[in-house]
Amino acid sequence: MVAIIAKLEKQFSRNDYNGGGSVDFEIKEGVIPVMISAPHSVKMRRNGTVKGPDKLTGAIALLLQEMTGCHLIYSTRFSESDPNYATENNGYQAALADYVKSHDVEIVIDLHGAKSSREFAVEMGTAPLLDGEKKVQGEELRSLKRYTFVADLVRYAFDYHLRDVEVEMRDVWCNRLFSAATQNTITRHLADTTDCAAIQLEINATFRTIDNAEPLKALVDTLCYIVKTLATVDWSAKQIAVYRLWQSNRHKPQDNVALYLSDEANDDFATNSLLYLCSHLGVTEVVRL
């Protein structure tokens, strides 16, 4: 996998990460209702200053498209404007918004990179409402629309896949440093102009280096698991939720899953609801309650 990512990254890293080609970005059509975005795969200009790339985000996005069949949009060459920043005539954002409106895309996952010194493995940004001091004041999962279960899916998936990886940063944050709400980000733009759900993922550089194979593989495995799980979701369901299941401390039949619901959660499951049981092995069972 590392060798494949290194090969895919070459198209972005050429010309000192200015990329190349005749267009600023490309879109690849997929076959599932999930779309990956990698706007910072190459250098770009923001407020007159050249901004460095989020290394490996482009290669990882291309690999996810091959592995899952998701839709994909990614930057291909140096741009005079940042696709994830408020500017007039933002071609990347406009093309993405038009695309999700005309295709069966339910959610966009926007990939970004954070420095290795950050104290998180991944931070979710969901464009919440902010007060005058840029602190979250409401609708924390605003960009996810009614699909707030995605935040739980991302958190639980990373918790599981990173459990045995030897790294210091393994926490999953949400809207603490990078909320995707303080400017006209891709996630905020989709939240404001479309019915499509969106989430920004800021990924620590520890997981985005060819020289560190184990964390890189864990990152790709986690993202692939998330995308493939979202591909199985019945997006028309009245209620969708994600639960973390723990192994029982006493023997139970292997085909039996016991869920404990607190008094506050007793209304979560109704008669004739469909329950998707997805294991870490990629096996999915659909059970009608």
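This is a predicted model: local features need pLDDT of at least 70, side-chain atom pairs count only at pLDDT 80 or more; totals for chains, interfaces and linings use all residues.
Among contacts in this protein with a separation of 6 or more, 76% are between residues 24 or more positions apart. The protein has 289 residues, and 45% of them count as buried.

Let me turn to helix packing. Two packed helices are described by the angle between their axes and the distance between the axes. I will take two pairs in turn.

The pair α1 and α2 comprises residues 2-17 and residues 57-68 respectively. Their axes come within 8 Å and cross at roughly 120°. An angle from 65 to 115 degrees would count as roughly perpendicular, and one over 145 as roughly antiparallel; α1 and α2 are therefore oblique to each other. The crossing of α1 past α2 is right-handed. Which residues of α1 meet α2? They are Ile-4, Ile-5, Leu-8, Glu-9, Gln-11 and Phe-12. On the side of α2, the partners are Gly-58, Ala-59, Ile-60, Leu-62, Leu-63 and Glu-66. By class, this contact of α1 with α2 contains 8 nonpolar, 2 polar and 2 charged residues.

The second pair is α4, residues 149-161, and α6, residues 213-232. Here the axes come within 9 Å, crossing at roughly 145°. Again the crossing, α4 past α6, is right-handed. From α4, the contributing residues are Phe-149, Val-150, Leu-153, Val-154, Ala-157, Phe-158 and His-161. They meet a set of residues in α6 that includes Ala-218, Leu-219, Asp-221, Tyr-225, Ile-226 and Leu-230. The contact of α4 with α6 divides into 12 nonpolar, 3 polar and 1 charged residues.

Finally, I return to α1 for a point of backbone geometry. Most residues other than glycine have a negative phi, and most peptide bonds are trans. Asn-15, placed in helix α1, has a positive phi, near 55°. Tyr-17 is also in helix α1, and its phi is positive too, near 65°.

Technical notes. Residues are numbered from 1 along each chain as its sequence is written. Side-chain values use heavy atoms; hydrogens and water are left out. Axes are lines fitted to C-alpha atoms, for helices over the stretch in contact, and angles run from 0 to 180 degrees between N-to-C directions. Helices (H or I, at least four residues) and strands (E, at least two) are DSSP runs, numbered from the N terminus. Angles under 35 degrees count as roughly parallel, over 145 as roughly antiparallel, 65 to 115 as roughly perpendicular and the rest as oblique. A crossing is left-handed if the near helix is turned anticlockwise from the far one by less than a right angle, and right-handed if clockwise. Contact means heavy atoms within 4.5 Å. Ala, Val, Leu, Ile, Met, Phe, Trp, Tyr, Cys and Pro count as nonpolar, Asp, Glu, Lys and Arg as charged, and the others, Gly among them, as polar. Buried means under 20% relative accessible area, exposed over 50%, partly exposed in between (1.4 Å probe, protein chains only).
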